[in-house]
Amino acid sequence: MKIKKFLFTVLSVVVLILELLPNGVVLRFSNPEGEPWIRTYNYFSLTPFGYANFGPFITALLTCVLLVLAVIYLFKQGKGLNAAIMIVSGIAAATSLMPLMFGVEYITVIGVIITLLLVGTFGVCFIKYRKV
């Protein structure tokens, strides 16, 4: 039982650490000489947000909310708290895929891992929610 309680917190911490890495978000800038400039940023950077790439920053904020909910879940369990974790992780997984939804044809490996971990958190919550 304790392993299941720590699973939410561990997954949230791993996602947060991956979002802090400097090569999670890719932006391509025009270069007058031909090849575009490719710059990478972390999920908390406001530069991609300023260039209308809203998904990573919203995902980072929702991951912080998810981490707070997971820590609260360590001390107090409940069906409502499990549902809140499931909803926040589902929305965060959807916003992490926003660049692909709007026609951007690239995503980093870190972005894929973050999305998979958020979907995994959603799946664990869903399974747990169904059993309660």
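Biologist: Is L66 buried or exposed?
Modeller: This is a predicted model, and L66 lies in its helix α3. Buried means under 20% relative accessible area. L66 has a relative accessible area of 2%, so L66 is buried.

Biologist: Which residues does L66 touch, not counting residues up to four places away in sequence?
Modeller: L66 sits in helix α3. Contact means heavy atoms within 4.5 Å. Leaving out residues up to four places away in sequence, L66 touches S12, I85, V88, S89, L118 and T121.

Biologist: What separates the C-alpha atoms of L66 and I38?
Modeller: Along the chain, L66 and I38 are 28 residues apart.

Biologist: How do α3 and α4 run, roughly parallel or roughly antiparallel to each other?
Modeller: Two packed helices are described by the angle between their axes and the distance between the axes. The axes of α3 and helix α4 (residues 79-96) come within 9 Å and cross at roughly 160°. Angles over 145 degrees count as roughly antiparallel. The two helices are therefore roughly antiparallel.

Biologist: Does α3 pass α4 in a left-handed or a right-handed crossing?
Modeller: The axes of these helices cross at roughly 160°. The crossing of α3 past α4 is left-handed.

Biologist: What is the make-up by class of the contact of α3 with α4?
Modeller: On the α3 side, the residues include I58, L62, L66 and Y73. On the α4 side, they include L81, I85, V88 and S96. By class, the contact has 14 nonpolar, six polar and no charged residues.

Biologist: How many aromatic pairs does the structure hold, and what is the geometry of F8 and Y73?
Modeller: The structure holds five aromatic pairs. In the pair of F8 and Y73, the ring centres are 5.1 Å apart and the planes stand at 80°. Planes over 60 degrees apart count as edge-to-face. So the pair of F8 and Y73 is edge-to-face.

Biologist: Which helices does the pair of F8 and Y73 link?
Modeller: F8 and Y73 are 65 residues apart, and their pair links distant parts of the chain. F8 is in helix α1 (residues 2-20), and Y73 is in helix α3.

Biologist: Are F8 and Y73 buried or exposed?
Modeller: The limit for buried is under 20% relative accessible area. F8 has 0%, so F8 is buried. Y73 has 3% relative accessibility, so Y73 counts as buried.

Biologist: What kind of aromatic pair do F29 and Y51 form?
Modeller: F29 is in strand β1 (residues 25-29), and Y51 is in the loop between α2 and α3, 22 residues apart. Their rings are 5.1 Å centre to centre, with 75° between the planes. F29 and Y51 form a pair that is edge-to-face.

Biologist: Is Y51 buried or exposed?
Modeller: Exposed means over 50% relative accessible area. Y51 has a relative accessible area of 53%, so Y51 is exposed.

Biologist: Which residues do ring pairs link into a cluster?
Modeller: Rings pair if their centres lie within 6.5 Å. Ring pairs join these residues into a cluster: F49, F54 and F57.

Biologist: What is the phi of A52?
Modeller: A52 is in the loop between α2 (46-50) and α3 (55-75). A52 counts as exposed because its relative accessibility is 54%. Most residues other than glycine have a negative phi. A52 is not a glycine, yet its phi is positive, about 65°.

Biologist: Where is V109 found, and is V109 buried or exposed?
Modeller: V109 is found in helix α6 (residues 109-131). Its relative accessible area is 63%, so V109 is exposed.

Biologist: What pattern does the protein follow along the sequence?
Modeller: The secondary structure comes to six helices and two strands. Read along the sequence, the pattern is α-β-β-α-α-α-α-α.

Biologist: What box do the C-alpha atoms of the protein fill?
Modeller: The protein has 132 residues, and buried residues make up 41% of them. Taken along the principal axes, the C-alpha atoms fill a box of roughly 60 × 20 × 20 Å.

Key
Residues are numbered from 1 along each chain as its sequence is written. This is a predicted model: local features need pLDDT of at least 70, side-chain atom pairs count only at pLDDT 80 or more; totals for chains, interfaces and linings use all residues. Side-chain values use heavy atoms; hydrogens and water are left out. Helices (H or I, at least four residues) and strands (E, at least two) are DSSP runs, numbered from the N terminus. Buried means under 20% relative accessible area, exposed over 50%, partly exposed in between (1.4 Å probe, protein chains only). Axes are lines fitted to C-alpha atoms, for helices over the stretch in contact, and angles run from 0 to 180 degrees between N-to-C directions. Angles under 35 degrees count as roughly parallel, over 145 as roughly antiparallel, 65 to 115 as roughly perpendicular and the rest as oblique. A crossing is left-handed if the near helix is turned anticlockwise from the far one by less than a right angle, and right-handed if clockwise. Ala, Val, Leu, Ile, Met, Phe, Trp, Tyr, Cys and Pro count as nonpolar, Asp, Glu, Lys and Arg as charged, and the others, Gly among them, as polar. Rings of Phe, Tyr and Trp (its six-membered ring) pair if their centres lie within 6.5 Å; planes under 30 degrees apart count as stacked, over 60 as edge-to-face and the rest as tilted.
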